[in-house]
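Biologist: I am new to this structure and would like to learn how to read its salt bridges. Could you walk me through them?

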Amino acid sequence: MRSFIFYQTSYSLWRRQRGPTARPYHCFLSSASFSTADYDNGNDFQSNPSKVKIFDRHLKRKQRDRAAWLLCPNDSFVRAVAENLLDRLEDCKKTFPMALCLGGSLQAVRRLLRARGAIEKLIMMDTSYDMLKLCKSSQPDLFNENIETSFVVGDEEFLPIKESSVDLVISCLGLHWTNDLPGAMIQCKLALKPDGLFLAAILGGETLKELRIACTVAQMEREGGISPRVSPLAQVRDAGNLLTRAGFALPGVDVDEYVVRYKSALDVIEHLRAMGETNALLRRSNILKRETALATAAIYDSLFAAEDGTVPATFQVIYLTGWREHPSQQKAKSRGSAKISFKDIQKQFGRGS
């Protein structure tokens, strides 16, 4: 049995419980998809595909198809990330009648919404048909029964959503697999209505640092060189720049680290497969020698095993929050508009010191 140890920012939130009410039926019509490969400062579109190719999106779709059959419905790690992300809706007085959920932990997000955000219509989108089928077949929470839910097979890199059509975009552990992350975030911003909210959780650069070390040492010993086995991920220092580059107003970034303990290094790999988080690099080595794999597991255990025999795996989760610009939002004063200098403040409050 896996045990989970969480190190998180602590804060208290008040939950508003709403009873289910009947809602009218609506239908959703999606528009043609678009790409932001040549999108410049949020002012123009081009329909050319992304020029950046890091991940094999076709392979990632297959991995998510497989994960739909392996996924644990009550994965503590996935549940904790989704719960932490959705808690941010309780800090907002604004309601979000139309919401879009992209890839990643769809099932956990749908199960944990619990009427937060007063969502009336929800669009669940994923590249994997099997994952959407699993999400559709799962029983929704009591508070979510009256949310009209649509299921759309689509790609985050070519978002099939009409511009200014949704109030909320949620992505829980999905966007870090896009080849053009800034472009995908720009598309999310354009899909939002003015004063719409973007919420995302992505894996950060410190994720699986133990596995990276073990793989590197094992390959150097057995093969005399290294090849990429763990995908590159965004660093915390880049997260704020991503939101700003995408044109979001009031950007916010915070980080949590989750340390998950397993019986062995092999259980780490099995958990990654069940989440659909295994290697999908375009220029990956298709062959992993048996002796290298066994050496990696042995090195992992020898370097990181605890006294009880379990091994840790670190998951760094970066939470991103941004709003589409609206005149009602607070804005910083323009440079040079201050009427009091810091020198005067220092003179006034520094006399007694």
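Modeller: Let us go from the overall picture to single pairs of side chains. Keep in mind that this is a predicted model. The protein has ten helices and eight strands, and 49% of its 353 residues count as buried.

Biologist: What is a salt bridge, and how many does the structure hold?

Modeller: The general idea is a side-chain nitrogen of Lys or Arg within 4 Å of a carboxyl oxygen of Asp or Glu. The structure holds 15 salt bridges.

Biologist: Which residue meets Glu-156 in a salt bridge?

Modeller: Glu-156 pairs with Arg-57, at 2.8 Å from N to O. This pair links distant parts of the chain, 99 residues apart: Glu-156 is in the loop between β4 and β5, and Arg-57 is in helix α1.

Biologist: Are Glu-156 and Arg-57 buried or exposed?

Modeller: Buried means under 20% relative accessible area. Glu-156 has 6%, so Glu-156 is buried, and Arg-57, with 17%, is buried too.

Biologist: Where do Asp-65 and Arg-61 lie?

Modeller: Both lie in helix α1, four residues apart, which is about one turn of the helix. Asp-65 counts as buried at 15% relative accessibility, whereas Arg-61 counts as partly exposed at 28%.

Biologist: Which residues are linked in a network of salt bridges?

Modeller: Look for Glu-83, Asp-87, Glu-90, Arg-114 and Arg-116, which are linked in such a network.

Technical notes. Residues numbered from 1 in each chain as written. Predicted model: local features only at pLDDT ≥ 70, side-chain atom pairs only at ≥ 80, totals over all residues. Heavy atoms only, no water. Helix = DSSP H or I, 4+ residues; strand = E, 2+ residues; numbered from the N terminus. Buried < 20%, exposed > 50% of the residue type's maximum accessible area, 1.4 Å probe, protein only.
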